[in-house]
Amino acid sequence: QVQLVESGGGLVQAGGSLRLSCAASGSMFSINVMAWYRQAPGEQRELVAGITSGDSTNYADSVKGRFTISRDIAKNTVYLQMNSLKPEDTAVYYCAARGRPTPWDNPRDYWGQGTQVTVSS
């Protein structure tokens, strides 16, 4: 069973920085995509940034130029460096991964438990 464990959330003032980490553990044949989503109170969960096994990246328009996603394939870990944080970045941030447990499985989605990021004005 694959588990995603996030860390690095917390409280920061506007303009500050945080770095989120997400480590995938367990048996997995391949991980194709890892991503960060966020969900603010009363809002739908939205994609923040994603990275493929080939290091292609995708960002929400609201975070372009401020957030950077990266991954350490050997450690099955994905990072989200968040700079110039704004109060509207306040949300629970979730790590997600899409991969195959074995070569004969269809791709599956896995989610972390979420980590709170709060940006004060």
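Q: Which residue in β6 is the bridge partner of Ala49?
A: In this predicted model, β5 and strand β6 (residues 57–59) pair in the antiparallel sense over three bridges. The two strands form a hairpin with four residues between them. In β6, the bridge partner of Ala49 is Tyr59.

Q: Which residue in the turn between β5 and β6 has a positive phi?
A: β5 and β6 form a hairpin, and four residues lie between the two strands. A positive phi of about 70° is found in this turn, at Asp55.

Q: How many bridges join β4 to β5?
A: Strand β4 covers residues 30–39 and strand β5 covers residues 46–52, and the two run antiparallel. Arg38 has its bridge partner in β5, namely Glu46. Six residues lie between the strands of this hairpin, and Gly42 in the turn has a positive phi of about 75°. The number of bridges that join β4 to β5 is six.

Q: Which strands stand at the edges of the open sheet?
A: The open sheet has four strands in the order β1-β3-β8-β7, with antiparallel pairing. Two of these strands each have a single partner strand, so one side of each is left without a neighbour in the sheet. The edge strands are β1 (3–7) and β7 (67–72).

Q: Which residue in β3 does Leu4 stand opposite?
A: β1 pairs with strand β3 (residues 18–25) in the antiparallel sense, over five bridges. Within β3, the residue opposite Leu4 is Ala24.

Q: Over which ring does the charged end of Arg19 sit?
A: The cut-off for a charge over a ring is 6 Å from the ring centre. The charged end of Arg19 is 4.1 Å from the centre of its ring. That ring belongs to Tyr79.

Q: Is Thr115 buried or exposed?
A: Thr115 has its place in strand β11 (residues 115–120). Its relative accessible area is 12%. Buried means under 20%, so Thr115 is buried.

Q: How many Å apart in space are Thr115 and Ser17, C-alpha to C-alpha?
A: In sequence, Thr115 and Ser17 are 98 residues apart. In space, C-alpha to C-alpha, the two residues are apart by 15 Å.

How values were computed. Residues numbered from 1 in each chain as written. Predicted model: local features only at pLDDT ≥ 70, side-chain atom pairs only at ≥ 80, totals over all residues. Heavy atoms only, no water. Pairing = 2+ DSSP bridges. Lys NZ or Arg CZ within 6 Å of the ring centre and 35° of its normal. Buried < 20%, exposed > 50% of the residue type's maximum accessible area, 1.4 Å probe, protein only.
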